[in-house]
Amino acid sequence: MSMKFAITAGVFAGALAMLTGAALAADATGSVSVTGFVNGKCTVQPPSEGNNFSGTIPLGALDGTNGHISSTLTGSTISGASLSFTVVCNSSAPSITLSATQMGDSVAAPTGYTSAVDYTARLDLAETTGSEAFTYATAGSPPATAGALANPLSGGTNNVTVSVNSLNTDGGANTSILTAGNYGSAAGGTGGIISVTIAP
Amino acid sequence: MNRLATGAIALLAVAVSNMASAAGSVMGSVGIDGTVADRCVFTSTNVVLNIGEMINTSGPSGSIGLLDPSRVNSQTAVLSGLCNGTSATMSVRAFPMLNTSFAATPPSGFSKRVDFTATAQVQTNSGVVSVSNDTVSAAASVPQTVGVFANDIDVSFSNAAAVNNALLIAGSYEGSVVVTLSPST
């Protein structure tokens, strides 16, 4: 009887062992997630206080021999009338705004004369693929030109160029004589400020 | 003769009957056994490291917009685990930080990926066991034996770098490190 009992117990124990072995031990995994962000940012290079770029485009004598706006300044391109800057933007489509103010010399202009010179400001931006240009004509003080680039701003140097062209008076008629003086605030006159904003 | 035989048999039967009643208790034994499976368990929850802004926002010209490696390399995490098998092993797999906001191919000069090396280290009865894996590798590190242990597993980071050291595209980035404890099989 005892033997029969022993055999039964042995079988039971073996079954228990089989059940335990069937619960296979699996790998255990622990994970560490690392998250971060890169804020959209446009930065002037080299870094400057206020993250601004600035400069002055000297146009020299604005009048021609007849006292009217010089014909060398009325064309769509003016040699040497540009400045380039380096801006780093890490966003895929930076947004641009461009505006400019009319130049003046703060002199009251009598009939037949003018102290106001309009022009077209132009902004050229080199992108990772190709380039884009924005323009703003000061006549009539329209709203700022705005838009977004189709591609990221190039990571190279001098990727932003500001230039001036198409100086004019009298709404483009160029019929008035320019009063003598310094035009543009940079020279002691008024206006002549081109404002550029590049945002990520 | 038959009377003799009969008498003899009767005497034997009586002798046997007397022996059985003198035995008393019956003894039996029950054996029990069980098993403890080789097992590894993490006793801590998963860790999330938020490293914040990842690029240089100031400093020398030319470094603005580039990854600040120290943002990643300075990070550490602690996982707690245990294994009860003498042949248990530990391995680690690192996955790069990828921009989750920008799906397109980065333009020239830009990157949306940060690679790094992750190291998991634990003090065991046999000494310190360390495994490392970089995010460029196609597989986890070779498992190293940790044996029986119950301790903290320190995870650290190094060699963080953007692909081609390019400017990082703006957006959210996420990567991960997976530490695997494998029990004896």
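Guide: Strand β4 of chain A, which covers residues 95-100, pairs with β13(A) in the antiparallel sense over six bridges; a strand here is a DSSP run of E with at least two residues, just as a helix is a run of H or I with at least four, and both are numbered from the N terminus. Two strands are said to pair if DSSP finds at least two bridges between them. Within this pairing, A:S99 has A:S195 of β13(A) standing opposite.

Before going further, please note that this is a predicted model, in which local features need a pLDDT of at least 70 and side-chain atom pairs count only at pLDDT 80 or more, while totals for chains, interfaces and linings use all residues. Residues are numbered from 1 along each chain as its sequence is written, chains are lettered from A and ligands numbered from 1 in the order in which they are written, and side-chain values use heavy atoms, with hydrogens and water left out.

Of the contacts in chain A between residues at least 6 apart in sequence, 75% join residues at least 24 apart, a contact being heavy atoms within 4.5 Å.

Strand pairing also crosses from one chain to the other. Strand β1 of chain A (residues 28-38) runs antiparallel to strand β11 of chain B (residues 171-182), and 11 bridges join them, whereas with strand β2 of chain B (residues 47-53) β1(A) pairs in the parallel sense over five bridges. A:V34 shows both pairings, with B:G175 as its bridge partner in β11(B) and B:L49 as its bridge partner in β2(B). Strand β1(A) is mostly covered, since nine of its 11 residues are buried; buried means under 20% relative accessible area, exposed over 50%, and partly exposed in between, using a 1.4 Å probe and protein chains only. Over the whole of chain A, buried residues make up 36% of the 200 residues.

Turning to side chains, a salt bridge is a side-chain nitrogen of Lys or Arg within 4 Å of a carboxyl oxygen of Asp or Glu, and the count over all chains is three. One of them joins A:D124 and A:R122 at 2.7 Å, N to O; A:D124 is partly exposed at 24% relative accessible area, and A:R122 is likewise partly exposed at 32%.

How far may the predictor be trusted here? For the complex it gives an ipTM of 0.77 and a pTM of 0.71. Chain B has a mean pLDDT of 85, with 86% of its residues at 70 or more, pLDDT being the predictor's confidence in each residue from 0 to 100. Over residues 1-22 of chain B, however, the pLDDT is below 50, and this stretch has zero contacts in the model beyond near neighbours in sequence.
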